[in-house]
Amino acid sequence: MSEKPPHDDFGELPERLPLLPIRDLVVFPFMVVPLFVSRDLSLAAVEDALAGERLLFLAAQKNAGADEPTMNELYTVGTVGKILRMRKLPDGQVKILVQGLRRGTWERVLRERPGIVVKARVLEETPGSMTPQEIEGLVRVVKEALHKLGEVGKGLPQDVMTVLLGLTDPGALADLVASNLGLKVPDAQAVLEATSAGDRLRRVHDALLKEVEVVAWQQKIQSQAKEEMSKAQREYFLREQLKQIRNELGDADDKQDEVEELRTRLRDAHLPSEVSRESDKQLRRLEQMNAESAESTVVRTYLDWLADLPWDKLSEDKIDLVRAKAILDEDHFGLEQIKDRILEYLGVLKLKGDHKGPILCFVGPPGVGKTSLGRSIAKSLGREFVRISLGGVHDESEIRGHRRTYVGAMPGRIISGLKQAGTKNPVFMLDELDKVGKDVRGDPAAALLEVLDPEQNNSFRDHYLNVPFDLSRVLWVATANLIDTIPPPLRDRMELIQLPGYDLREKVEIAKRYLIPKQKAECGLKEDDLILSTATIEAVIDRYTREAGLRSLERQFAALSRKVARRFAEGNGKRVTVRPRDLDKWLGVRRHDPERPDDENHVGLATGLAWTEAGGTILHVEATLMSGKPGLTLTGQLGSVMKESAQAALSCARSRTGQLGITDEILKDHEIHVHVPNGAIPKDGPSAGVTMATAMISLLTNLPIRRDVAMTGEITLRGRVLAIGGLRQKLLAAARAGIKEVIVPSANAPDLSEVPPELKQELKIHLVKDLNQILEVALVGFERLKLAQEKPVGLA
């Protein structure tokens, strides 16, 4: 920043003057200052000025944080300035050099966007109430104060001092001194708004005296600190400065008070003997440290953690199995086998008194109630509930904590969760256990083994605490979406309880009992304000959700409730009944077409059953025959296991050419193409083997496949059908799609005990061991082939 007398011979001000809002700075006459312009409002003002006489009205903002200031946020008195130079910067900003000319005030706003344009006038000097002799005296004392400021070590640059001491104009002197003092915006604005030279000089003189006094106090503090400072400790200088400031403020005993408070908290925490010895040692270290050192902060935080942890706080168990069953029934519909297992677990806990049995791990798709089951267990026991998500955790320190070797070190999630619970025996849920990873920073799953091992966790050592903590009273439960991705050592310590998902009947009941009343209450609706029939609920499930759980379904009811609540808020307070035919109006176009089989029986089109994280689904497999080089083409983003199943299915079909009446010419001169639609979705697994084999045999024999039959099972080269997983979910998907008959491996017969009776009545289930049994059920006209009675023989 440089100063020189301004050239204010601009004649009369233009009728329209661009206004440039400035943050954290007041521009005075006699002042040349560079400004960086980046806001659209400011850029427009600069462009307007450059298009005219390069004149601007420079107004300071009252609130520096406002990016788009209104006129009420700008001071009315400012400075008329002129742009001397302008340069565009690579980052889009503009750098301008502005010279203050005359103080002025804007009277009227002519335009606010894109840039502010005002009508302004110049503020002329007023004589004021001071005599010339008084003004001359003020000029002298201001110059003397400038000399004093230089003597205490904060003088202005020499070239500026030369100009100041040579000035005889009192108004120019006041403006030039104010622009170099670094005043706060309100104080500088007060000087700018004073129109008499005497008033400005008096304000500047007061500011100078205040600055001289502050600098003198600063030097006094520095000198007092230097007397006690050791030559070997350069940083001690800053610490002693702060110490002297505290002495002046009377806060010198804060550190000792803090230590005593920590000592009291640690005593009340009833620490074990080993932990107590460590806390006493760290307290003594803290007393000897400087309060502002980084290590002092680390020790203080460590002692805070020791004082806050629940070393001896226990929730009193209230194990009443009748009450626990009532709570589970109240919170969850269905899931009878799972509830029974939880009650068995609680019964053993009541009799035995410890948790050394298997750890319950609820496995199932998202939204089926895994986390809420953990909450219900805590509620039935009268314990606190803590949940941590392990999804994406790759660092062992997330479990064991970080060592206290740096300022940002923290305990692991286990200790943090116990602090949050406030007791040492909460129900602690390890969520997303199947998504734990590992990398160069360690294996979190290995750290969890110590946490969950009842023989070791009574003295668990978090790296941050470095003292033992008893985890043996914690009741651990876990959740996962998939079994296969749970680390095997952890899986070995778990009892896996599967929650496969809900069928249509269960979803309707859950919606009536829980979801719809909850969403009505959250939107402020009464029970009768929104009426949804069973048919409407079923239509919402069928058209707008495709999931094993309930999250998407709850979002749909939330959307319905919000729309009805808006009607009531707008004054249309009339009860709303939503019918299935009205859903397009309330929820938009249906999101999912019903999973339905084809309208006709087709050759080479088979319906399979698959299972995903979101539940069961039907899977269409298409096969076609093309002239050309013999071979098998597979499309539909199939995984390696599914491709191998297709090869096995083709080999099985080729081994039965004689029985099926398939000529060798067809296989020699044609290529088979198998496609599984929905190519954007990756697919894998062996259970589509029988479906692909049936589609190929249908193609080669020209026999259509029944459209109302779905199948699942792994195929072998000899045509045997092997067991599959996810049977309940697959049967639910078949019923949802309108399938009448389902073919499943006979090895899965025991799994049918877990299928709801209503579902078994709705579907005709064929248990098969061999491919021939599948073809007899699925192919139309298969009996006319008069298959040979001998057992099929595989290719050598």
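Close-up 1. At 17% relative accessibility, Arg 341 counts as buried, where buried means under 20% relative accessible area, exposed over 50% and partly exposed in between (1.4 Å probe, protein chains only). This is a predicted model, in which local features need pLDDT of at least 70, side-chain atom pairs count only at pLDDT 80 or more, and totals for chains, interfaces and linings use all residues. Residues are numbered from 1 along each chain as its sequence is written, and side-chain values use heavy atoms, with hydrogens and water left out. The partner of Arg 341 is Glu 495, with the closest N and O atoms 2.4 Å apart; a salt bridge here is a side-chain nitrogen of Lys or Arg within 4 Å of a carboxyl oxygen of Asp or Glu. Glu 495 lies in strand β13 (residues 494–498) and Arg 341 in helix α12 (residues 336–352), so the pair ties together parts that are 154 residues apart in sequence. Helices (H or I, at least four residues) and strands (E, at least two) are DSSP runs, numbered from the N terminus. Glu 495 itself is partly exposed, at 22% relative accessible area.

**Close-up 2. Arg 493 meets Asp 453.** Here the closest N and O atoms of the salt bridge are 3.8 Å apart. Arg 493 sits in the loop between α17 (488–492) and β13, while Asp 453 sits in the loop between α16 (444–452) and β10 (460–461), so this pair links parts 40 residues apart in sequence. Asp 453 is buried at 10% relative accessible area, whereas Arg 493 is partly exposed at 30%.

**Close-up 3. Strand β5 and its neighbours.** Strands count as paired if DSSP finds at least two bridges between them. Strand β5 (residues 94–111) runs antiparallel to β2 (residues 32–37) over six bridges, and Val 37 has Val 94 as its bridge partner. With β4 (residues 77–88), β5 makes eleven antiparallel bridges, and Ile 83 stands opposite Val 98. Five residues separate β4 and β5 in their hairpin, and Gly 92 in the turn has a positive phi of about 95°. Another six bridges join β5 to antiparallel β6 (residues 117–122), with Gly 104 partnered by Val 122.

Close-up 4. The side chains of Arg 103 and Asp 175 meet at 3.0 Å, N to O. Arg 103 belongs to strand β5 and Asp 175 to helix α4, so the two tie together parts 72 residues apart in sequence. Both Arg 103 and Asp 175 are buried.

Close-up 5. Gln 189 is part of helix α5 (residues 185–193) and is buried, with a relative accessible area of 2%. Leaving out residues up to four places away in sequence, Gln 189 touches Val 26, Ala 60, Tyr 75 and Val 77; contact means heavy atoms within 4.5 Å. Leu 181, in the loop between α4 (170–180) and α5, is also buried, at 15%. Its contacts, counted with that sequence limit of four places, are Leu 149, Val 204, Ala 207 and Leu 208.
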